[in-house]
Amino acid sequence: LKSTYVDALPALINPKTRRVHTTFNQTIAATGRLSSQDPNLQNIPIRTELGRRVRTAFIADGPGSGGPMVLLSADYSQIELRILAHLSGDARLLAAFAAGEDIHSATAAEVFGVPRDQVTSTMRRIAKVVNFGIVYGLSPFGLTERVPELSRSEAEQFIRTYFERYPGVQAYLEETKRFAVEHGYVQTLTGRRRYIPEIFASNPNVRSQAERMAVNMPVQGLAADIIKIAMVHLDQRLQERRLSSRMVLQVHDELVLEVPTREQEEIERLVPEVMEGAMELAAPLKVDVKVGANWGELERVVDLAEPEFSALDLGA
């Protein structure tokens, strides 16, 4: 933390603007995601308390901006799982998203065969690992590494049961591998291709890695395409409305904007509207918005269309 961020970032402040500027690369990441360098602002820590303190150093531009400013973060919620549901057409996965359920609890209930209200935190945690890992070719060994309390046989059984409960997902993954072998590439819905010559390798380890790349790219690549579409549309809307708010950072599924407080309410409505409308999926896109004086202390903006609590919270 000290050498990479605390010591390095102040030295990268531009003497004229008094700001830190990154360079975004369009064609470095194989999946189509933007990457960031000098400094890499997509890699600022968030998981530990000490790491989050580094984030608090990133503040909205203040004096000279025409009034007080806040940072607004808009993050696609579980976008890769929503894309997987759309691409696979799996009925159970789509139904869970349509009902607005907690997808990890829904998966835990399906795989462990218990009612939703009997899902424990451990069950949900295991389901979450599998949900996010399935498009990365998660193996039983990989599952036991992430959830040490599971034995190898239990991990194998869990993944086997997952595919039994979500057969559309398994069919999609197998079809994607077959497509890669037949064509030598995979592609996103928007047509972005990734060629994978390793899919023809004689070495089984190399071939297995290529299969994992093949099933992941159409999902992660479409997530990258969607947020790029959203950024273009949002830039247009900001200009049309002659707003002073501006996008300053993109971190994979998240956009960060600098917003004058006088525009805050309008931006809180505009940003999710544009991002959620970037592409129509069978599992609708959802965006979580947070606002704060700095990047490390953001508070969620409650959507007035949603209840702040569920029936479960009331003990129902």
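A: A residue counts as buried when its relative accessible area is under 20%, as exposed when that area is over 50%, and as partly exposed in between. Please also keep in mind that the model we are reading is a predicted one.

Q: With that cut-off, is tyrosine 166 buried or exposed?
A: Tyrosine 166 has a relative accessibility of 1%, and because this is under 20%, the residue counts as buried. Tyrosine 162, at 0% relative accessibility, counts as buried too.

Q: How many aromatic pairs does the structure hold, and how is such a pair described?
A: A pair of aromatic rings is described by the distance of the centres and the angle of the planes. The structure holds 6 aromatic pairs. One of them is formed by tyrosine 162 and tyrosine 166, whose centres are 4.9 Å apart and whose planes make an angle of 45°, and this pair is tilted. A second example joins phenylalanine 179 and tyrosine 185, where the centres lie 5.5 Å apart and the planes stand at 85°; an angle over 60 degrees counts as edge-to-face, so that is the name for this pair. Its two members can also be read for accessibility: phenylalanine 179 is partly exposed, with a relative accessible area of 23%, whereas tyrosine 185, at 11%, counts as buried.

Q: What lies over the face of tryptophan 295?
A: The face of a ring can also have a charged side chain over it, and in this model arginine 55 lies over the face of tryptophan 295, at 4.0 Å from the ring centre.

Q: Which residues of helix α5 are buried, and where do they fall when seen down the axis?
A: An α-helix has 3.6 residues a turn, so residues three or four places apart point the same way. Helix α5 covers residues 91-98, and its buried residues are Leu93, Ala96 and Phe97. Seen down the axis of α5, these buried residues fall within an arc of 95°, so they line one face of the helix. On the other side of α5 we find Ala91 and Ala98, which are exposed.

Q: Which helices do the buried residues of α5 pack against?
A: The buried residues of α5 pack against α4 (79-88), α6 (103-112) and α10 (167-183).

Q: What is found at the start of α5, and what follows the helix?
A: At the start of α5, a side-chain oxygen of aspartate 90 reaches to within 3.1 Å of the backbone nitrogen of arginine 92. After α5 comes glycine 100, whose phi is positive, near 70°.

Q: How many salt bridges does a search of the whole structure find, and which residue meets arginine 92 in one?
A: The search finds 19 salt bridges in the whole structure. In one of them, the side chains of arginine 92 and glutamate 110 meet, with a distance of 3.4 Å from N to O. This pair links distant parts of the chain, since arginine 92 belongs to helix α5 and glutamate 110 to helix α6, 18 residues apart. Arginine 92 is partly exposed, with a relative accessible area of 35%, while glutamate 110, at 17%, counts as buried.

Q: Which residues are linked in a network of salt bridges?
A: Salt bridges link Arg92, Glu101, Glu110, Arg116 and Arg165 in a network.

Q: How many residues apart are arginine 152 and glutamate 156 in helix α9?
A: Both residues lie in helix α9 (residues 152-165), 4 residues apart, which is about one turn of the helix. Arginine 152 forms a salt bridge with glutamate 156, and their closest N and O atoms are 3.8 Å apart. Arginine 152 is partly exposed at 47% relative accessibility, and glutamate 156 is partly exposed at 35%.

Q: How many residues apart are arginine 178 and glutamate 175 in helix α10?
A: Arginine 178 and glutamate 175 are 3 residues apart in helix α10, so about one helical turn separates them. Their salt bridge has its closest N and O atoms 2.5 Å apart. Arginine 178 is partly exposed, with a relative accessible area of 40%, and glutamate 175 is partly exposed at 37%.

Key
Residues are numbered from 1 along each chain as its sequence is written. This is a predicted model: local features need pLDDT of at least 70, side-chain atom pairs count only at pLDDT 80 or more; totals for chains, interfaces and linings use all residues. Side-chain values use heavy atoms; hydrogens and water are left out. Rings of Phe, Tyr and Trp (its six-membered ring) pair if their centres lie within 6.5 Å; planes under 30 degrees apart count as stacked, over 60 as edge-to-face and the rest as tilted. Buried means under 20% relative accessible area, exposed over 50%, partly exposed in between (1.4 Å probe, protein chains only). A charge sits over a ring if NZ of Lys or CZ of Arg is within 6 Å of the ring centre and within 35 degrees of the ring normal. Helices (H or I, at least four residues) and strands (E, at least two) are DSSP runs, numbered from the N terminus. The arc is that of the directions from the helix axis to the C-beta atoms. Contact means heavy atoms within 4.5 Å. A polar contact is a pair of N or O atoms within 3.5 Å; within protein, one must be able to donate a hydrogen and the other to accept it, and residues adjacent in sequence count only if both atoms are side-chain atoms. A salt bridge is a side-chain nitrogen of Lys or Arg within 4 Å of a carboxyl oxygen of Asp or Glu.
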